[in-house]
Amino acid sequence: MRFFTLLLACGLLFGLGQALSVPKDAAGQSKQNIDCSTPMECEALAADWLNNVYEVEMRAKFETYTQKDWEYNTNINDDTSQGSLDASEEVSKYEKESWNQYVTQFNTSTFSDPVLKRRLDMMAVLGTPALPEDRLQMFNKIVSDMQGAYGSGKICPYGNQSCDLATEGLTLEPSLEAILTDVENHSWDELVYVWKSWRDVSGKKYRDQYKEYIGLNNEAAEANDLPDASVLWLQAYTNDLGPDADFKADIEAIWQQMKPLYEKVHAYIRYKYMEFWGNDYNMAADEPIPAHISGNMWTQHWQNTYKVAAPFPDVPNPLDEVDQALQDQNYSVRDIFELSNSFYISLGLEDMTMCFDTPCVTENTAENAECVANNPMIEKPDWDVVCHASAWDMYHTGRDDYRIKMCTEVNFDDLVTVHHEMGHIEYFIQYKDLPLQFRDGANPGFHEAIGDTMALSVQTPIHLKSIGLLDEIPNSFEADINYLLKSAMERLMFLPFAYTIDQYRWALFDGSIQPEEMNYKWWELREKYQGINPPVMRSEEDFDAGAKYHVAADVPYTRYFVAHILEYSFYKEMCLQSGNYVAGDPTKPLFKCDFSAGSQSQLAGAKLKSMLQAGSSQPWPATLKAMTGSDKLDASAILEYFKPLSDWLDDEITDKNIPVGWKSTFQRFMAK
């Protein structure tokens with residue numbers, strides 16, 4: 001995950017709409033008038049202020065705030081929390097003053113410099129700093145409290161439910177996730193216990209605060225002259241589109257494009273889960289799947305249950321060998337980062353050693369805490385941290401301080417995650433010389449897509465063999481289907497989750513979901529799109545959506561849905577550039593392409609590099625077209641990637657008479 005709480009808190013998630021000319025700010029204060037009399041004078045004044053005042057002062061404030069927030073995320077306590085809040089308020093105050101006194105005073109439609117115009121137009125929507133000071137402080141405090149509760153949440157072990165939480169409690173990472181990912185070695189009841197208990201110590205704890213959070217978000221939208229916060233959250237996508245565009249409808253259309261394939265995979269996995277669990281747990285062939293048995297706390301990725309669902313269990317999946325190879329070859333956490341870095345360098349991209357190079361250790365000492373506060377964190381130290389992996393641009397003067405924060409384990413999943421986070425770092429480095437307004441992805445989905453594009457290539461058997469993590473490349477139809485199903489369980493099954501989590505929050509913001517039905521509507525959406533239900537009774541005292549980090553931390557999620565569509569489009573283009581994929585050639589199918597292989601690999605890297613260097617300096621459809629040849633989001637590449645699996649599922653579903661789809665049953669789990 002790219003670190004972008006800063007962007008939200010500080011108002012850098014700007015829309016690209018028309019410049020505003022509002023005489024008073026959100027608190028009713030009068031604004032200063034700009035002292036210029038002609039369009040030419042005003043444009044010159046705007047350029048001077050933006051380049052020589054704002055750019056310098058704001059970067060310094062970003063650097064201070066980002067460092068303070070890093071200290072909080074890597075050492076959760078009251079002091080670091082307050083330090084982060086204080087620095088955030090300083091940034092917000094400066095941003096608001098700049099907006100009032102300068103940004104809204106310029107009529108950019110008269111400007112002749114398109115770059116200057118775009119930069120100011122990107123600042124036209126202020127975001128949450130438009131709130132009055134006391135309301136902004138409340139907003140920041142609520143988000144900080146929710147994030148802190150999430151990061152420090154612990155539960156007792158299943159076999160010792162009256163434990164001392166301080167000394168025996170289990171944290172989400174790695175303990176609880178390790179239990180849920182290993183369904184074969186844990187009972188149904190233990191999985192239910194872990195699933196429910198995490199929700200008791202996370203979302204349920206801040207349900208009431210979240211209601212306040214909704215209201216404050218909408219107040220911020222109103223202060224930006226927008227109808228509600230759902231519109232504010234979508235500005236980064238919609239303001240580069242035409243006036244008649246409907247981005248929500250575009251996302252729904254992409255989902256409908258994907259839905260038939262998703263339902264086939266869902267049906268097959270449900271069939272295999274029922275075989276594994278038997279008839280003792282009230283599962284039905286035409287009903288949603290219980291949410292606790294997918295191998296993931298949030299049922300967003302299902303690949304950890306691949307062995308339960310393997311189409312050809314006697315044919316090894318090459319990805320299953322990687323964990324053992326990493327152990328056998330004594331890989332360290334740092335070795336995983338070095339491996340990822342070498343992959344990027346092989347494509348002609350920049351060295352990223354600085355983002356993981358650290359002298360810090362894990363012991364709980366004052367000296368080590370100081371070390372972690374000023375260096376990358378690639379292993380969990382012996383104190384409370386926010387383990388959720390993230391990549392950070394520290395906004396250092398020399399544009400040379402980029403860090404990864406991750407509680408890394410030596411396994412294949414974390415190898416993939418490392419490639420993802422380093423994709424963010426590479427993006428930071430490539431656009432580092434652009435103005436602040438352009439130091440971002442073309443849209444938020446672009447930032448998330450880069451590392452995942454790399455991972456599609458890294459996880460191919462061809463690549464894994466080339467780096468010594470796989471002995472042989474399997475060459476059979478059965479091995480291909482095994483490989484594609486596991487990939488679908490990771491990426492395809494994620495899509496409706498990614499869509500639902502923001503659909504839900506949009507609806508809370510626009511009022512179509514009321515606070516008194518927050519949990520009911522959450523499960524209604526999850527059943528509709530994902531085909532899952534809770535494993536135990538839920539009520540409106542629960543807040544199950546809040547069990548996800550991004551909900552607690554005020555992070556929009558549409559970026560991940562968009563990213564999963566983009567990554568296959570980018571991957572296809574890079575495979576074409578490298579010559580390792582040829583449309584219609586059965587010897588070079590898309591899903592087997594490693595674009596880092598061969599003499600043309602740097603052509604693929606050059607294509608990507610050009611896109612990264614553009615940052616957000618032009619409308620995202622133009623950046624997308626330069627990369628893929630089309631300015632539209634489209635799921636055709638992902639459908640092509642999984643076509644062999646889709647065809648096989650058609651035959652399997654027919655032969656075994658497997659029901660596809662599900663009937664609605666979620667209401668039986670909702671307490672009146």
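Trainee: How many aromatic pairs does the count come to?
Mentor: The count comes to 47 aromatic pairs. Keep in mind that this is a predicted model.

Trainee: Let's take one. How are the rings of Tyr237 and Phe247 arranged?
Mentor: Their centres are 4.8 Å apart and the planes are at 15°, so Tyr237 and Phe247 count as stacked. The cut-off for stacked is planes under 30 degrees apart.

Trainee: And where do those two residues lie?
Mentor: Tyr237 is in helix α11 (residues 235–238), while Phe247 is in helix α12 (residues 247–277), so the pair ties together parts that are 10 residues apart in sequence.

Trainee: Are Tyr237 and Phe247 buried or exposed?
Mentor: Both Tyr237 and Phe247 are buried.

Trainee: What about Phe276 and Trp277, what kind of pair do they form?
Mentor: An edge-to-face one: Phe276 and Trp277 are 5.0 Å apart centre to centre, with 90° between the planes. Phe276 is partly exposed, at a relative accessible area of 35%. Trp277 has 10% relative accessibility, so Trp277 counts as buried, the cut-off being under 20%.

Trainee: Nice. Which residues form the aromatic cluster?
Mentor: One cluster is made up of Phe343, Tyr344, Tyr483, Tyr568, Tyr571, Phe591, Phe595, Tyr641 and Phe642.

Trainee: Switching to charges over rings: what sits over the ring of Trp195?
Mentor: That's the charged end of Arg199, 4.0 Å from the ring centre of Trp195.

Trainee: OK, helices now. At what angle do α20 and α28 pack?
Mentor: Helix α20 (residues 477–490) packs with helix α28 (residues 643–656) at about 105°, and their axes are 9 Å apart. The two are therefore roughly perpendicular to each other.

Trainee: Which residues make that contact?
Mentor: From α20 you have Phe477, Ile481, Leu484, Leu485 and Ala488, and from α28 there are Pro644, Leu645 and Trp648. By class, the contact of α20 with α28 has 8 nonpolar residues, no polar and no charged ones.

Trainee: And how do α24 and α26 cross?
Mentor: Helix α24 (residues 558–578) and helix α26 (residues 620–628) cross at roughly 35°, with axes that come within 9 Å. Leu566, Ser569, Phe570, Glu573 and Met574 of α24 make the contact with Leu624, Met627 and Thr628 of α26.

Trainee: What is the contact of α24 with α26 by class?
Mentor: There are 5 nonpolar, 2 polar and 1 charged residues in the contact of α24 with α26.

Notes:
Residues are numbered from 1 along each chain as its sequence is written. This is a predicted model: local features need pLDDT of at least 70, side-chain atom pairs count only at pLDDT 80 or more; totals for chains, interfaces and linings use all residues. Side-chain values use heavy atoms; hydrogens and water are left out. Axes are lines fitted to C-alpha atoms, for helices over the stretch in contact, and angles run from 0 to 180 degrees between N-to-C directions. Helices (H or I, at least four residues) and strands (E, at least two) are DSSP runs, numbered from the N terminus. Angles under 35 degrees count as roughly parallel, over 145 as roughly antiparallel, 65 to 115 as roughly perpendicular and the rest as oblique. Contact means heavy atoms within 4.5 Å. Ala, Val, Leu, Ile, Met, Phe, Trp, Tyr, Cys and Pro count as nonpolar, Asp, Glu, Lys and Arg as charged, and the others, Gly among them, as polar. Rings of Phe, Tyr and Trp (its six-membered ring) pair if their centres lie within 6.5 Å; planes under 30 degrees apart count as stacked, over 60 as edge-to-face and the rest as tilted. Buried means under 20% relative accessible area, exposed over 50%, partly exposed in between (1.4 Å probe, protein chains only). A charge sits over a ring if NZ of Lys or CZ of Arg is within 6 Å of the ring centre and within 35 degrees of the ring normal.
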